[in-house]
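Have a go at each task before you read its solution.

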Amino acid sequence: MSFKLYYAPGACSFVPHALLELAGATFEPVSVKLHKGEQHSADYLSINPRGQVPVLVDGSDVITQIVAIVLHLDQRLPEAGLLPKAGLERTRVLETLVWMNNTVHPTFTHVFMPQKFTDNAEAQAAVKAFAVGKYRELLDEIEVKVAHKATPWLTGERPGVLDAYALTFLRWGGFAGIDPTTLPATWALAQAFAALPAVARVVEREKLQLNVYKPA
Ligand SMILES: N[C@@H](CCC(=O)N[C@@H](CS)C(=O)NCC(=O)O)C(=O)O
């Protein structure tokens with residue numbers, strides 16, 4: 001079994017990157033530098049015409065979209081227990097994963113890349129400012145989930161996909177002027193997750209600083 005993961009340091013691709021390491025899978029990590037525009041190169045567009053990370057290559061199959069990649073890895077690496085196997089426990093993890101992917105993640109895209117939503121510079125500033133407020137509300141919602149979880153990790157008994165996404169969102173919040181320590185349960189979870197040996201390999205490979213918040 002050989003996988004290749006196209007990832008960008010600090011991007012949402014951290015989620016499948018962490019899962020591959022947690023699963024102990026053999027894979028080739030390929031870095032795509034978004035700030036250098038490598039996602040728009042002809043070579044990369046021939047892999048993912050949408051010009052985004054993550055991309056998982058499994059043999060001759062190319063898979064995009066975090067939710068699809070996570071479900072694919074869960075099927076391909078059943079021993080790893082990346083997701084609860086069945087029942088309402090699995091449904092709840094997927095419910096939160098899909099919400100993170102279709103609501104929290106795109107809200108941050110409005111903060112980080114407002115140019116995707118309007119080409120008017122003034123409108124971009126307004127979109128960004130409004131989205132920062134919304135993003136804070138969504139991080140607060142994650143904070144409540146983390147503070148009230150009945151299991152050691154947000155994903156359940158084992159660390160996994162929701163913990164990886166929560167860490168990513170909290171880190172991104174620092175770029176939006178949100179101090180991660182004001183979300184103490186999520187901050188503690190992110191630190192514990194990053195300290196796991198498998199995840200520490202990802203943090204090291206991506207050269208990530210967990211707290212990027214700079215007070216104004
Ligand atoms: N819906 C996609 C979103 C992927 C996405 O937003 N990727 C971002 C990084 S977090 C990206 O590649 N952005 C580069 C760009 O759009 O130019 C997924 O779930 O994989």
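**Exercise 1. Where is Gln65 found?**

Two ground rules before we start. Numbering runs from 1 along each chain as its sequence is written. The model is predicted, so local features need pLDDT of at least 70 and side-chain atom pairs count only at pLDDT 80 or more, while totals for chains, interfaces and linings use all residues.

Step 1: Gln65 sits in the loop between β4 and α3. Helices (H or I, at least four residues) and strands (E, at least two) are DSSP runs, numbered from the N terminus.

Step 2: check the backbone. Gln65 has a phi near 80°, a positive value in a residue other than glycine.

Step 3: count neighbours. Gln65 has 15 other C-beta atoms within 10 Å, so it is partly exposed. The scale goes like this: buried means 20 or more other C-beta atoms within 10 Å of the residue's own, exposed means 12 or fewer, and partly exposed is in between, with C-beta atoms placed from the backbone.

**Exercise 2. Work out the strand order of the open sheet of four strands.**

Step 1: start with β1 (residues 3-7) and β2 (residues 27-31). Five bridges join β1 to β2, and the two run parallel. Two strands count as paired if DSSP finds at least two bridges between them. One place to look is Phe3, which stands opposite Phe27 in β2.

Step 2: The chain goes from β1 through helix α1 (residues 14-22) to β2, a right-handed β-α-β crossover. Right-handed here means that, with the strands pointing away from the viewer, the path from the first strand over the helix to the second runs clockwise.

Step 3: pair β1 with β3 (residues 55-58). This pairing is antiparallel, over four bridges. In β3, Leu56 is the bridge partner of Leu5, and Val55 is that of Tyr6.

Step 4: assemble. The order is β2-β1-β3-β4, with mixed pairing. β2 and β4 (61-64) are at the edges with a single partner strand each, so one side of each has no neighbour in the sheet. From one strand to the next, the twist averages 20°. Axes are lines fitted to C-alpha atoms, for helices over the stretch in contact, and angles run from 0 to 180 degrees between N-to-C directions.

**Exercise 3. Why is α1 largely enclosed by the rest of the structure?**

Step 1: count. Nine of the nine residues of α1 are buried, so the helix is largely enclosed. Among them are Phe14, His17 and Glu21.

Step 2: find the packing partners. The buried residues of α1 pack against β1, β2, β3, α3 (66-76), α6 and α8 (197-205).

**Exercise 4. At what angle do the axes of α6 and α7 cross, and which residues make the contact?**

Step 1: list the contact, taking C-beta atoms, placed from the backbone, within 7 Å as the criterion. From α6 come Asp163, Ala164, Ala166, Leu167 and Leu170, and from α7 Thr186, Trp187, Leu189, Ala190, Phe193 and Ala194.

Step 2: sort by class. You get nine nonpolar, one polar and one charged residues. Ala, Val, Leu, Ile, Met, Phe, Trp, Tyr, Cys and Pro count as nonpolar, Asp, Glu, Lys and Arg as charged, and the others, Gly among them, as polar.

Note on methods. Two residues are in contact if their C-beta atoms, placed from the backbone, lie within 7 Å.
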